[in-house]
There are 2 protein chains.
Amino acid sequence: MPTYQPAVATTPHRNRDRVGYDRATVHAILDEAWFCHLAFVVDGRPASLPLMHARLGEDIYVHGSTGSGPLLAARQDGGMPVCLNVALLDGLVYARSHFHHSANYRAVVAHGMAEVVTDPAEKARALSAFVEKLGAGRAADSRPPSERESAQTGLLRLRLDQVSCKIRSGGVNDDPDDHGLPHWAGVVPMQLVAGTPTPDVNVVGSPPEYLPRR
Amino acid sequence: MPTYQPAVATTPHRNRDRVGYDRATVHAILDEAWFCHLAFVVDGRPASLPLMHARLGEDIYVHGSTGSGPLLAARQDGGMPVCLNVALLDGLVYARSHFHHSANYRAVVAHGMAEVVTDPAEKARALSAFVEKLGAGRAADSRPPSERESAQTGLLRLRLDQVSCKIRSGGVNDDPDDHGLPHWAGVVPMQLVAGTPTPDVNVVGSPPEYLPRR
């Protein structure tokens, strides 16, 4: 897969070595994250909110009530300029100096125009992808949306084009002069883990195999 | 503690029952989250990035290189309009219908003007708070910033004023008509957990007690 091309919006001011444009890496980060943050502009001021997302190829989708802020704002011709972020925390970095304390993370930022999805077939595919993301096979193992439910759900599409990822991994970057200091230094790995499923009332049978595992 | 007052920017269009203004709840969510997303406007377009944050009373701070995007943009008089988000994922909600799949989460959104911190005493307090957040006692157990390091670090302050929290918790909200469907329904709890600390080279002694525990 060819890489994404650097754009003005995705060219960093600093820490350039942490930034990349590899398509498979970007996809993997987007797919691992359960939610994103979508930033947009309302009356010249920034607005942003967390939303679940799903990716199909080079399109990323977020959904919400058709009456929610971004869904209303994106109705304009050509869509709405957005900045979509995903960030996964992988570790906390304890340096011998305050200055070099840091975090390990994998993040994606995507800029572009978010457009309201109106094509019924595309909408059906995307809404199914949200459910399928929660577990491979879940879309077939739950009731598809009625026409009314589908109409109540607003859906935005952002084409992955001005996209980059930013990754910090590894250990502590203390200055050599500080290596002799007596303070503990190292990394505490962090991970989002699934717990034991809690069934709803009247549910019989074991939790399905496709649920996220501990 | 009195609650925050609803503002135009923090009054929701939908799911009003999930939104609150309780100060202690907002503080707790901000303090539990290791990072936030900061959205701002550049040339009329939205920009957003993940940043670590620290709270001191009713001020929330983010830091970065003095040459980074938001730090440069905030230099204008009166600061820069921002939208700061924090979101903690608590669970994935599997409904019998596609439509009612959801997530449990705790989120905070704060709007306002982010200002560059120039007062040296405030800057020192805030930078120390970032390190202290990683473990109570860590600021004293690592080397404070030199003047040069402090000068290299840009710091933004956002006063908590136009703030709200949004919380979804509990179980599945399936329509009563769907309760007889054969699909498994329930909640998979999700939690960010700390792993086993990895010491840096040449570190002797056990990891300190103040590190986040598994």
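1. Strand β2 (residues 35–42) and strand β3 (residues 45–56) of chain A run antiparallel and share eight bridges. Strands count as paired if DSSP finds at least two bridges between them.

2. Please keep in mind that this is a predicted model, in which local features need pLDDT of at least 70 and side-chain atom pairs count only at pLDDT 80 or more, while totals for chains, interfaces and linings use all residues. Residues are numbered from 1 along each chain as its sequence is written, chains are lettered from A and ligands numbered from 1 in the order in which they are written, and side-chain values use heavy atoms, with hydrogens and water left out.

3. Strand β2(A) has another partner to look at: three bridges join β2(A) to β5(A), again in the antiparallel sense. Here A:Ala39 has A:Cys83 as its bridge partner in β5(A).

4. Stepping back to the whole of chain A, you will find four helices and 10 strands. Helices (H or I, at least four residues) and strands (E, at least two) are DSSP runs, numbered from the N terminus. Read from that end, the order of elements is β-α-β-β-β-α-β-β-α-α-β-β-β-β. Along the principal axes, the C-alpha atoms of chain A fill a box of roughly 65 × 50 × 35 Å.

5. Now for the two chains together. In all, 83 residues of chain B are in contact (heavy atoms within 4.5 Å) with 83 residues of chain A. The chains bury about 7,000 Å² between them, 64% of it on carbon and sulfur atoms. Buried area is the accessible area (1.4 Å probe) that two parts lose on being put together, summed over both.

6. Which polar links cross between the chains? There are 35 residue pairs in polar contact between chain B and chain A, both residues at pLDDT 80 or more. A polar contact is a pair of N or O atoms within 3.5 Å; within protein, one must be able to donate a hydrogen and the other to accept it, and residues adjacent in sequence count only if both atoms are side-chain atoms. On the side of chain B that touches chain A, several elements supply at least two residues each, among them β2 (35–42), β3 (45–56) and α4 (147–152). Strand β9(B) gives the most, with nine residues.

7. The bridge partner of A:Pro199 in β9(B) is B:Gly186.

8. Four salt bridges link chain B and chain A, a salt bridge being a side-chain nitrogen of Lys or Arg within 4 Å of a carboxyl oxygen of Asp or Glu. In one of them, B:Arg143 meets A:Asp178, with the closest N and O atoms 2.7 Å apart. This pair reaches from the loop between α3 (120–133) and α4 of chain B to the loop between β8 and β9 of chain A. Contacts of B:Arg143 beyond four places in sequence include A:Arg96, A:His98, A:Leu181 and B:Glu149. B:Asp178 and A:Arg143 also form a salt bridge, at 2.8 Å from N to O. Over all chains the count is 26 salt bridges.
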